[in-house]
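Please look through the sequence and the model below before reading on. The paragraphs that follow go from the overall layout to individual residues.

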Amino acid sequence: MTRTVPFHDSLYRLGQVGAALGVQLVRLVEVIENNRYSAVPIEFASDGSTQQAEETPLTVTNLAEPADQTGQVPADTEAVALDVEGRWIVFLKPQPEQGPSATFPAKVVDSLGNAAYSVLEQVCTGVGSFDDKSGAQAVTAHNLAELSLGPGAAVDDGTIVMVTMLTDTGQPPAARYVFDHPAYAKYLD
């Protein structure tokens with residue numbers, strides 16, 4: 001026997017049962033202080049958009065931001081808030097800028113000195129062949145081998161390397177690019 005089960009709007013169901021479970025859909029309005037925000041409860045309208053459910057604001061703490069720095073989440077951001085021991089919390093962290101993936105093939109375009117190189121992201125076009133990725137912009141990447149071994153490990157222009165994107169400890173963190181391409185032998189005339 002076959003039974004057809006209709007599809008349901010799961011987020012709407014979450015909104016329906018959320019009040020009993022300590023879950024609330026909210027729209028952040030403004031920063032109160034540090035990682036705490038003023039938010040208003042929202043609900044789904046019949047067309048699937050969201051609308052304000054109540055006038056009474058909530059105080060919401062964003063656990064993805066430091067408690068001792070001013071929050072950066074823009075106004076009108078919507079989230080699911082959880083009631084934890086009487087305190088409404090969300091976990092909203094910034095999206096990384098759209099750019100190259102965490103590890104990508106790149107062509108060395110130019111040496112900038114001190115183990116730094118200008119590199120351009122590549123796409124694989126076949127076995128052992130690469131082309132510049134459409135829309136890619138050159139980034140500065142450091143050769144870890146050259147930082148360790150000195151200028152004898154310098155890389156020639158046109159070399160294809162695997163570049164890894166890392167974030168530093170700055171506030172906010174900045175993207176840094178590195179590759180490890182030891183060139184141990186240099187030939188003399």
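In what order do the elements of the chain run from the N terminus on? They run α-β-β-β-β-β-β-β-β-β-β-α-β-β, which comes to 2 helices and 12 strands, where helices (H or I, at least four residues) and strands (E, at least two) are DSSP runs numbered from the N terminus. This is a predicted model, in which local features need a pLDDT of at least 70 and side-chain atom pairs count only at pLDDT 80 or more, while totals for chains, interfaces and linings use all residues. Residues are numbered from 1 along each chain as its sequence is written, and side-chain values use heavy atoms, with hydrogens and water left out.

The pLDDT, which is the predictor's confidence in each residue on a scale from 0 to 100, averages 82 over the chain, and 80% of the residues score at least 70. Confidence is lowest in helix 1 (residues 10-21), at a mean of 53, and highest in strand 10 (residues 139-143), at 95. Over residues 1-10 the pLDDT is below 50, and this stretch has 1 contact in the model beyond near neighbours in sequence, a contact being heavy atoms within 4.5 Å.

Some totals describe the chain as a whole. Of its 189 residues, 30% are buried; here buried means under 20% relative accessible area, exposed means over 50%, and partly exposed lies in between (1.4 Å probe, protein chains only). The accessible surface comes to about 12,900 Å², of which 53% belongs to carbon and sulfur atoms, with areas taken from the Shrake-Rupley method with a 1.4 Å probe and, for residues, only the protein chains shown counted as cover. Among the contacts with a separation of 6 or more, 52% are between residues 24 or more positions apart.

Val163 is found in strand 11 (residues 160-167), and it counts as buried because its relative accessibility is 0%. One of these contacts spans 60 residues in sequence, since the C-alpha atoms of Val163 and Thr103 are 5.5 Å apart in space. Thr159 lies in the loop between helix 2 (144-149) and strand 11, and touches Ala106, Lys107, Val108 and His181, not counting residues up to four places away in sequence. A polar atom of the Thr159 side chain also lies 2.7 Å from the backbone oxygen of Asp156.

Charged side chains provide further links. Side chains of opposite charge can pair when their charged atoms come close. With a salt bridge taken as a side-chain nitrogen of Lys or Arg within 4 Å of a carboxyl oxygen of Asp or Glu, the count comes to 5 salt bridges. In one of them, the side chains of Glu78 and Arg27 meet at 2.9 Å, N to O, and this pair links distant parts of the chain, with Glu78 in strand 5 and Arg27 in strand 1 (residues 23-33), 51 residues apart. Glu78 counts as partly exposed because its relative accessibility is 36%, whereas Arg27, at 17%, counts as buried.

Lys107, which Thr159 touches, forms a salt bridge with Asp132, the closest N and O atoms being 3.5 Å apart. This pair also links distant parts of the chain, with Lys107 in strand 7 (residues 103-113) and Asp132 in strand 9 (residues 129-132), 25 residues apart. Lys107 is partly exposed at 27% relative accessibility, and Asp132 is partly exposed at 40%. The side chains of Lys133 and Glu121 meet in a salt bridge as well (3.6 Å, N to O); Lys133 lies in the loop between strand 9 and strand 10 and Glu121 in strand 8 (residues 116-126), so the pair ties together parts that are 12 residues apart in sequence.

Two loop residues have backbone angles to note. Asn34, in the loop between strand 1 and strand 2 (36-44), has a positive phi of about 55 degrees although it is not a glycine. Asp76, in the loop between strand 4 (58-62) and strand 5, has a positive phi near 75 degrees, and it is exposed, with a relative accessible area of 57%.

Definitions and conventions
A polar contact is a pair of N or O atoms within 3.5 Å; within protein, one must be able to donate a hydrogen and the other to accept it, and residues adjacent in sequence count only if both atoms are side-chain atoms.
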